[in-house]
Amino acid sequence: LLHHDVDVFLLDEPTRGIDVASKAQSYALIDALVAPASGRARAVLLVSSYFPELLGVCDRIAVMSRGRLGTPRLAREWTEHDLILEASGAMAS
């Protein structure tokens, strides 16, 4: 159940363990929550270990590694390979 009268949604692994069709429905719901047509500005903070999900849904991505949050970058600036390197600490932030 989502509370629609909030400004920020925190979604932690929202599609873990669900089928592809249900993932598509979840992504559509996330898009609808932040759509300008909704009448108010909202944000979604999405935590996911599924890199294609992050790259497909997010506007910006910041990677946490070894207890430190990296600098957010536009999603189009990331690749799955970059995300793996950043998450493993192999890439300098």
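Buried, here, means under 20% relative accessible area. Keep that cut-off in mind. This is a predicted model.

Start with helix α3, residues 80–88. Which of its residues are buried? D82, L83 and E86. They span an arc of only 100° around the axis, so they sit on the same side of α3. The general rule fits here. An α-helix has 3.6 residues a turn, so residues three or four places apart point the same way.

What does that buried side pack against? The buried residues of α3 meet α2 (51–57), β3 (60–61), β4 (64–65) and β6 (73–74). Leaving out residues up to four places away in sequence, F51 touches E80, L83 and I84. Just past the end of α3, G89 has a positive phi of about 85°.

Now the core. The largest nonpolar core has eleven residues. L83 and F51 both belong to it. In soluble globular proteins, nonpolar side chains tend to be buried together.

Last, the pocket. How much space lies in the largest one? About 730 Å³. Its lining counts 24 residues, and V44, L45, L46, C58 and R60 lie nearest the centre. Elements giving two or more residues to that lining are α1 (20–34), β2 (43–47), α2, β3 and α3. Strand β2 gives the most, five residues. By class, the lining of the largest pocket has 19 nonpolar, two polar and three charged residues.

Terms used: Residues numbered from 1 in each chain as written. Predicted model: local features only at pLDDT ≥ 70, side-chain atom pairs only at ≥ 80, totals over all residues. Heavy atoms only, no water. Buried < 20%, exposed > 50% of the residue type's maximum accessible area, 1.4 Å probe, protein only. Helix = DSSP H or I, 4+ residues; strand = E, 2+ residues; numbered from the N terminus. Arc of directions from axis to C-beta. Contact = heavy atoms within 4.5 Å. Core = buried A, V, L, I, M, F, W, Y, C linked by side-chain atoms within 4.5 Å. 1 Å grid on protein atoms, 1.4 Å probe; cavity = no way out; pocket = protein on both sides within 12 Å on 5 of 7 lines; lining within 4 Å. Points joined across faces, edges and corners; volume = space filled by probe spheres on them. Nonpolar A, V, L, I, M, F, W, Y, C, P; charged D, E, K, R; others polar.
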